[in-house]
Amino acid sequence: MTTLVILPAGIAWLLAAVIAPLDGRRPLWGWLAATGLGASLLAVVLLLVRVLREGPVEVVAGGWPEGVGITLRADVLGASFAAVSLAVVLVAFVHEVLLGVRSRTFPALVLFLAAGLSGLFLTGDIFNFYVFFEISMTASYILTGYREENSQVRAAFIFAVVNLVGSVMFLSGIAGLYHLTGSLDMEVVAGRIGQVELSSIIPIATVIFVAFSLKIGLFPFHFWLPAVYVGSHAPVAAILSGAVANIGSYGLLRFGADVLPDALSFGAPVVLVLGVVSIVYGAMQAVSRHDTSEVMAYSTIGQVGYILVALAVGGPVGYAAAVVYSIVNSLNKALVFLAAQLRGPLAGAAFAVGAFSIAGVPPAVGFVGKIALFKTSIEAGGLLETTALVVLIFAGSALSFVYAFQVYQRAFLAREYRNNKRPSPRATRVLAISLAAFVLAVGLWPEPLLVLGTESAALLLEGLR
Amino acid sequence: MTPPATLMVLLPLVLALLAAPAAMLAGVYRPRLAAPVGTAFAALAFSATALAWWKGGGAVNVAWAPTWDLRFHVALDGLAALYALLATGVGFLVLVYSSRYLPLHLGHGDRPESEGTRFYGHMLLFMGAMVGLAMAQDLVLLFLFWDLTAIASYYLIAFDRHDAEARAAALMALLVTGVTAVLLLIGALILYSAYGTFSVPELAELVEPGPLLNAAGLLIAVAALAKSAQVPLHFWLPRAMAAPTPVSAYLHSAAMVAAGVLLLGRVYPLLQESRILLDTLLVVGLLSMAVGGVLALTQDVLKQLLAYSTISQYGYVVFLYGLGGEYGAVGAAFYVIAHALAKCALFLTAGAVTEETGEDRLSELGGLRKPLPLLAAASGAASAGLAALPLTIGFFKDELLFGAALARGPLFAGAAVLGAALTLAYAWRFWAGIFLGERRDGASNPPAALVWPVVALGGLVLLGGLWVEPFARLAEAAGEVIYDAPASIEPAYHLDLRPENLMALATFVLGALLIFSRPVWVGAARGVAWVGGKVGPERLYESSIEGLNRFSDRIHRAEVRDLRSRVAAILLPAGVLVGLGILVTPTDGVYRAGEVGWHDVPLLLALVAVTLATLASTLTRRHVTLALVFSSAGYVLAALYAFLGAPDVALVAVLIETLVTLLFIATLKLIPYKVLHRQAELPLRLTRRKVYISVVAGAFAFAVAWGTLSQPAAESSTAEELIALAPEAHAKDVVTVILADFRGLDTLGEITVVALVLLGVVTLLRGGRLR
Amino acid sequence: MSAPINNTTSILTQTVAKLLLLPTFVAAFAILVKGYAQPGDGFSAGVVASLGVLLQYLVLGRREAERLVTVRNAPTIAGAGLLLSLSVAVVPLFLGDPVLTHYPRPGEDVVYLGTLELITPVLFDLGIFFLVFGFAVGAIGAFARTISEQEEYAGPGTEQLEDDT
């Protein structure tokens, strides 16, 4: 059943078009959209199980030969990212439905976003990737402005302008790749790019790198990120940091490790340095911030640095770490952004699990990511490089302890006594604590997560040979 | 291993881990039920541990995360049995004590009874984590339980969460022990990278002395020493006294602080391969003995005195590890038992006394032997145990210490005597300060639950002094695991002049001297404490946290905030990166221009026109003019498509250009006049910066384009295939068939973007303003 | 509600604008239909048709232009267009073919209706046409409404476009 490849995007897409003209504030449509998202997620999970068992699945749209039509290709890397992103979108959306949707278009926008995300993770065509990328980004711009308060609209504006710059860069990168290889199929591009001189690839690779770094908020391309995460409504911030940011890490892995491996290994020192600077810079910024969302926004800047470091070190351990860390980071950020705005029993516990996870304290899943990174830096090679990386990652994790718990104490521990705010609806707290329980469960039994990482790394390295 | 045996080994762990959720559930149902349910579970876990140990222990070793070679490997060996029995046994007594203490404590702060549920949940989580830590054989599993104890202690120290001091203390404890725990993890990963296993028994067989072992061992040791509050990472422990007293009692005797020396014991087979590591332990142990002992003598607050005493006492254990050998290993294990019983009793005494009198300072207390005779007797036994007087279990702990120190040399023997004398002095000071002297304050009948646990512990201390056999066997079994070889000790009273006895005598004399000469040295000791407070590691911790926050504030002020700079902050580094890329790649013959012929003239003219239009856009300050100039550039490009034989693309380009220009002008109407005016009147300086950024961005775009285009296009392009296949799709016009068929999915995606933009426009503009 | 017609726009212009609307639609339809033979497709057709409506706004002002049925239902038209195209993409899935398979398949016979080929890509294109048209008209309408709420914008000539001078 190759149909499974298009189902995750297809279900959400069709449902989005149906729901768009309806009044999304009505719970009925909200729950219908949630069901659709659930169905999409189910399809992705089935797909993931299948690619793990049988390898990549592909289908060419329109039944044309490969190279003429658009190839849709699901492999373990894409399916993993699709699964975690859709899961985050689903949880954040259900959270908002429980709180009460305030805008007619919200459910449709979230569905469009889900369609774009699952599409881009499951396509094997670079231009098609761009198209789905645009769908998800456009939906995100509008979602950022959701609730239409001044700060949100301003955040949406910044988000849109800065990321449009990134989109233009990415598009020119794709144009360059097409010019150099005459193909838009990722596999073909990866195959042919080896014959092109490195001097022509490097500028293109740099442009693509910048475009994705912008998306995940790597230093120094991060300046839009805090304003946007702080400005947007909590479930939207959870979606942005837990799902949309995955585009960046996936893009870096796919275009860097899979399509342009030579350029990546050539630029590895720069990637490494930027990653390290981002780790320290993001964590340093986060330390003194008071607003929970702002702390978490800067924390994100630091955490993506880890992904870059893993990417730069590469190899089976590095790529696996990048995948594992991206997934862990998605779960963490979704959890803290959702829990941060809640009040009442269980809300503090849910946030605490997120804080422990960010600091890498077991049994929350964050420690799995931390182990993956330390393994990576120990694999990095020379004694000096290894020592430097271990020390830096250690420093980053020490800082993460400081900021995560300073803000936890301020926002929850100190405050729980003064019940000056009405507790949030019980259902939202139960949802947040369920997500927290999931974060704990994956930490207690990390094997499936590790398999996803290892298999993805094997897939990426297969392309090298 | 047969299933019943597996069950037998797992049962203590399962019961200990189930205790917390069980107590929480019971507490949610009825707050009153949390304490009995939790206590019952602790008793069950203790019995299960004892039973399993009596049946010979055993191990469970199954795969946990095979991808990383992580194993769920737990064993109930001697070391595990010792610490698990302490955690559950002492835990049980502390919980009994808490059942009476906590309502009083909560009553002081007018807090609801339901707060207690939280307390029992975290206490029992602590207990479960300790049992797991004691049994874990896999370093990563060990790390998991290790941090679980840190989490539990964090919440327990911050139990009085309304109190800023308690919160700060909890954060400090978490930072010191949590951050150093990462070192344990790094150490484990270093060992794994060299030997391919996380299992401690397997590593013990594999490791060889060398820099790798030194590095890994040191990292693990630092984590353990921080947890055991050893100098210079000891400062969090006195602060942690902000916790309710039962928490302190548990933390000091059987849980948090004990976890550090448990870890040292667990990895001791690795550590003892390296002389440097053992010497490090020796030095740290001695330092902690001295610092803790001296500071304990200067403290006035009961719990502070006990806290510094703990630092000093675990200093002994670390010192014993550093001495090494059979005696060191077994001695360390025995010391932990003796100390746990005595220290727990003393903390519970302090809690009961404070609860009864409302005073927590030695200077405000005294003469309580009359109103509280039972407590005085039990606490006296415990103090005597701590001070290592004969007829208590403590006597044997010092006997082992002296034996091990003697084996190393007279210098170490002297240090041991000195340390023991300090212990005697502060133990006396604690007990005499409370119970002897003039009666200061009234104390009525204390509740039984506050006294009986102390009596039980005091009784155990005495029992150990009379019948040391069971304790010695347990310590021996633990010592064998630590030493990784058969070990035996024969603690007994010998009425002769063997060196150990002489040293004990010297200790008593020296201790008595210290007690009676207090006025002579107390000023100097207080001076040391004062200096330590001013320049010590606690000060360093505080100032580095402060400095970190200040530095963070400063770099935050440097972050860019306006949109223009945000965009510039992307373009500039991107330009630099591309430039860097071009500089470091070989560029021979890459950036070349082809020949320019007559047929290129329209193209060139168009390009010139576009360039002129773009340049003109930098000169105008009116937004509408700007829009028109841009669109004229667009029209020229559209004309180019027409020249190049792509009429359909030209058609679309013209249409889009028209639409976009009109929409752009319409948008301008939405922005308040003032904003536009301000933008138009920007000072020249900013405009110039704008130009610089544009130049960098432009240069970078140019470099990318040229680098790409100067490479010949790939030979078999997809485009040719598409043109060949167009008739197959029943079409003559290839562009249409690409859009609707070959790449129909892209088209579908793009029109979805268009639909989304409409949704966005409608959503955002519905409010009537574009803010 | 009377349409505020300003003095500077002559009756002639208004009449011409009104008269031009229908031919614009016809032209757009032609561009759409002949797409498979000559340059042109749903996208261009949609833009052409919406330019016709834009002309109404410019000449007649917002209130008059909004009387057109197409303007009021623009978002619906766009949504219907998207649904139509999506359906064309999805239906093959139920027939066991890959997504976006068009019928008749390559090599099979096609029924002609003049220059119009009866093939599913035409339906797909029609969806695009509706969407683009709906989008452009909807966006223009939304902007116009917003502007007139701010300053009762009635058409060009009542004030200068370049208000930042």
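What is the mean pLDDT of chain B, and what percentage of its residues reach 70 or more? The model is predicted, and for chain B the mean pLDDT is 84, with 86% of the residues at 70 or more.

**Stop 1: confidence along chain B**

Colour chain B by pLDDT and select residues 673-680. This is helix 28 of chain B, where confidence is lowest, at a mean of 61. Where pLDDT is low, the predicted coordinates should not be read in detail. Confidence in chain B is highest in helix 8 of chain B, at 94.

**Stop 2: helix 6 and helix 8 of chain B**

Select residues 164-195 and 211-227 of chain B, which are helix 6 and helix 8. Their axes come within 8 Å and cross at roughly 155 degrees. Because of that angle, helix 6 of chain B is roughly antiparallel to helix 8 of chain B. The residues in contact on helix 6 of chain B include B:Val176, B:Thr180, B:Leu184, B:Gly187 and B:Leu191, and those on helix 8 of chain B include B:Leu212, B:Ala216, B:Leu219, B:Ala223 and B:Lys227. By class, this contact consists of 16 nonpolar, three polar and one charged residues. The crossing of helix 6 of chain B with helix 8 of chain B is left-handed.

**Stop 3: helix 11 of chain B**

Move to residues 256-266 of chain B. Helix 11 of chain B is mostly covered, with eleven of its eleven residues buried. Among them are B:Met256 and B:Arg266, together with B:Gly260 and B:Gly265.

**Stop 4: helix 15 and helix 19 of chain B**

Select residues 325-357 and 448-466 of chain B, the ranges of helix 15 and helix 19. These helices pack at an angle of about 150 degrees, and their axes are 9 Å apart. Helix 15 of chain B and helix 19 of chain B are therefore roughly antiparallel. Their crossing is left-handed. Show side chains for the contact: helix 15 of chain B contributes residues including B:Ala338, B:Leu341, B:Cys344, B:Leu348 and B:Glu355, while helix 19 of chain B contributes residues including B:Leu450, B:Pro453, B:Leu457 and B:Gly464. This contact divides into 14 nonpolar, three polar and one charged residues.

**Stop 5: where chain B touches chain A**

Display chains A and B together. Here 81 residues of chain B are in contact with 88 residues of chain A. Several helices of chain B each supply at least two residues to the side that touches chain A, including helix 5 (139-157), helix 6, helix 23 (537-557), helix 24 (563-584) and helix 29 (684-709). Select helix 32 of chain B next, as this helix gives the most to that side, with 13 residues. By class, the side of chain B that touches chain A has 47 nonpolar, 22 polar and twelve charged residues.

**Stop 6: A:Pro261**

In chain A, select A:Pro261, which lies in helix 11 (residues 261-287) of chain A. A:Pro261 counts as partly exposed because it has 18 C-beta neighbours inside 10 Å.

**Stop 7: chain C**

Finish with chain C, whose secondary structure comprises six helices and two strands. Along the sequence these elements follow the pattern α-α-α-α-α-β-β-α. Chain C has 165 residues, of which 45% count as buried. Among its contacts between residues at least 6 apart in sequence, 72% join residues at least 24 apart.

Conventions. Residues are numbered from 1 along each chain as its sequence is written. Chains are lettered from A and ligands numbered from 1 in the order in which they are written. This is a predicted model: local features need pLDDT of at least 70, side-chain atom pairs count only at pLDDT 80 or more; totals for chains, interfaces and linings use all residues. Axes are lines fitted to C-alpha atoms, for helices over the stretch in contact, and angles run from 0 to 180 degrees between N-to-C directions. Helices (H or I, at least four residues) and strands (E, at least two) are DSSP runs, numbered from the N terminus. Angles under 35 degrees count as roughly parallel, over 145 as roughly antiparallel, 65 to 115 as roughly perpendicular and the rest as oblique. A crossing is left-handed if the near helix is turned anticlockwise from the far one by less than a right angle, and right-handed if clockwise. Two residues are in contact if their C-beta atoms, placed from the backbone, lie within 7 Å. Ala, Val, Leu, Ile, Met, Phe, Trp, Tyr, Cys and Pro count as nonpolar, Asp, Glu, Lys and Arg as charged, and the others, Gly among them, as polar. A residue is buried if 20 or more other C-beta atoms lie within 10 Å of its own, exposed if 12 or fewer, and partly exposed in between; C-beta atoms are placed from the backbone. pLDDT is the predictor's confidence in each residue, from 0 to 100.
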